[in-house]
Amino acid sequence: MKPVYIMTRTLTKAILVGATAVQVATVHVAAAAAPPPGCARLQHAGAESDQQVNVTQSFSLMSSNRNRTYSIHLPPGYNATSTTPYPVVLGFHGSQEPAIIFEWDTQFSEIATGKIMVYPEGVGLTWAGASYSNVSVGEDLQFVSDLVAELREKYCVDDDRIYATGFSNGAGFVNAIACNETVGAQFAAFAPHTGAYYDATDEPCSIGLAMRPMISFHGGNDKTVPYEGGGGEGGTLPRIEDWLEEWVMRDNCTAESKDVVDSFGGKVHHSSWDCQGVKGVLQHYKVDDMGHVWASTEPNLSQLSTGEGPTHIDASSIIMKFFDNFTKPMTEVGTGSPPPPSNTASPGGTSLAAPTMVPANLLFSLSNVIVMTIFFWV
């Protein structure tokens, strides 16, 4: 959807480039190599500049005859010559929200310890699936497939631990990835937040015999993408409960396994389903008094833009813990066992510092202060 970020609107006018939708009938997926080609060597000429850790860098690639852009944040301790690959998380921004705003809002680069964070950018700052989108679902899916292939080639990527999350329009597109049997199979788990699940992101939905572990979040007070569905800026929206029921069936979850835990005085409702004998494959958080914002216990830009304050839960940390529980082939590694080492050490074995709320670099810090000042001033 289109959040009312004042700063984002200004940035959009300055950088938005018009694009024409291109229909792509099929998605071509590059086969993953074993061992990962990006491990145990410097990847290409100038690779040293691509390997800067704890700094977000921007790159581009050609996909469907279009120049596409993305940013990448390598974790502290990342070792390009490691033989042990790193988990990767792709984060998809909302409509008219540059990727850097999504990075600031979620603080993923700060808390995704031991993981490579990647922030793709949509054409015209939108993702496919809405009536206002600039490209087809097929073209954006091809971009995701091409991007994952490039990441495997250039970085030390754990092919069994690639994840996707997103906000609003970006969350709807995460649903489209999960619904695609070919592209979705490259991911181990999904985390759409405040998703705009328009028909084009949900139909057709073919996941084959595999499960799609998924955790989702939505506000009961969301006026932009209402919990009860209805007309949205980009088309008709489903009731979130109906959308969840579709995934209960797709993941072959047992209805009797549904467990609901209420907290914060009955304002937060956490639902969980067991699917094909695996606990908690499908999970959902409904926050009754939350609007169209990213759930965070600390102030963030989406809250400031809508006049809301911090929420009861912190979605970013919950998402990272959920991702730690799943790997491909679709197995559960978190329940009854310690989490994977990505929370405490780099895959190469180097100990990492505990997550910090201090920005990774001075530019990041100054930009946050400037943007928040703008919001408070206006």
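A salt bridge, as I use the term today, is a side-chain nitrogen of Lys or Arg within 4 Å of a carboxyl oxygen of Asp or Glu. Keep that in mind for Glu139 and Arg66. Their closest N and O atoms are 2.6 Å apart, and they form a salt bridge. Glu139 sits in helix 5, and Arg66 sits in strand 2, residues 66-73. The two are 73 residues apart, so this pair links distant parts of the chain. Both Glu139 and Arg66 are buried.

One caution before I go on. This is a predicted model.

Now the overall picture. The protein chain has 378 residues, and buried residues make up 55% of them. The secondary structure comes to eleven helices and 14 strands. Take the contacts between residues at least 6 apart in sequence. Of those, 71% join residues at least 24 apart.

Back to the salt bridges. How many does the rule give? The count comes to eleven. I will pick out some of them.

Asp202 pairs with Arg250 in a salt bridge, with the closest N and O atoms 3.1 Å apart. This pair also links distant parts of the chain. Buried or exposed? Both Asp202 and Arg250 are buried.

Next, Asp159 and Arg152. They form a salt bridge, and the closest N and O atoms are 2.4 Å apart. Arg152 has a relative accessible area of 8%. The cut-off for buried is under 20%, so Arg152 is buried.

There is also a network. Lys115, Arg161 and Asp324 are linked in it by salt bridges.

On to helix packing. Helix 5 covers residues 137-154, and helix 6 covers residues 169-179. They pack at an angle of about 80°, with their axes 11 Å apart. Angles of 65 to 115 degrees count as roughly perpendicular. Helix 5 and helix 6 are therefore roughly perpendicular to each other. Which residues meet there? From helix 5, Val137, Asp140, Leu141 and Val144. From helix 6, Phe173, Ala176 and Ile177. By class, this contact has six nonpolar residues, no polar ones and one charged residue.

Now helix 3, residues 99-106. Seven of its eight residues are buried, so helix 3 is largely enclosed by the rest of the structure. The buried residues are Ala99, Ile101, Phe102, Glu103, Trp104, Asp105 and Thr106. Just after helix 3 comes Gln107, with a positive phi of about 60°.

That brings me to backbone geometry. Most residues other than glycine have a negative phi, and most peptide bonds are trans. Here are some exceptions.

Start with Asn54. Its phi is near 60°, a positive value in a residue other than glycine. Asn54 is in the loop between helix 2, residues 47-50, and strand 1, residues 56-63. At 25% relative accessibility, Asn54 counts as partly exposed.

Then Phe264. Phe264 is not a glycine, yet it has a positive phi of about 55°. Where is Phe264? In the loop between strand 10, residues 259-263, and strand 11, residues 268-275. Phe264 has a relative accessible area of 46%, so it is partly exposed.

The peptide bond to look at is the one joining Glu203 and Pro204. That bond is cis, with omega about -5°. Pro204 is in the loop between helix 7, residues 199-202, and strand 7, residues 214-219.

Last stop: Gln283. Gln283 lies in strand 12, residues 278-287. Its relative accessible area is 14%, so Gln283 is buried. What lies 3.1 Å from a polar atom of the Gln283 side chain? The backbone oxygen of Gly280. Now leave aside the neighbours within four places in sequence. Gln283 is then in contact with Met214, Ile215, Ser216, His270, Ser271, Ser272, Trp273 and Phe322.

Go to Glu139 and Arg66 for a buried salt bridge. Go to Glu203 and Pro204 for the cis peptide bond.

Conventions. Residues numbered from 1 in each chain as written. Predicted model: local features only at pLDDT ≥ 70, side-chain atom pairs only at ≥ 80, totals over all residues. Heavy atoms only, no water. Axes fitted to C-alpha atoms, helices over the stretch in contact; angles between N-to-C directions. Helix = DSSP H or I, 4+ residues; strand = E, 2+ residues; numbered from the N terminus. Parallel < 35°, antiparallel > 145°, perpendicular 65-115°, else oblique. Contact = heavy atoms within 4.5 Å. Nonpolar A, V, L, I, M, F, W, Y, C, P; charged D, E, K, R; others polar. Buried < 20%, exposed > 50% of the residue type's maximum accessible area, 1.4 Å probe, protein only. Polar contact = N/O pair within 3.5 Å; in protein donor to acceptor, adjacent residues only side chain to side chain.
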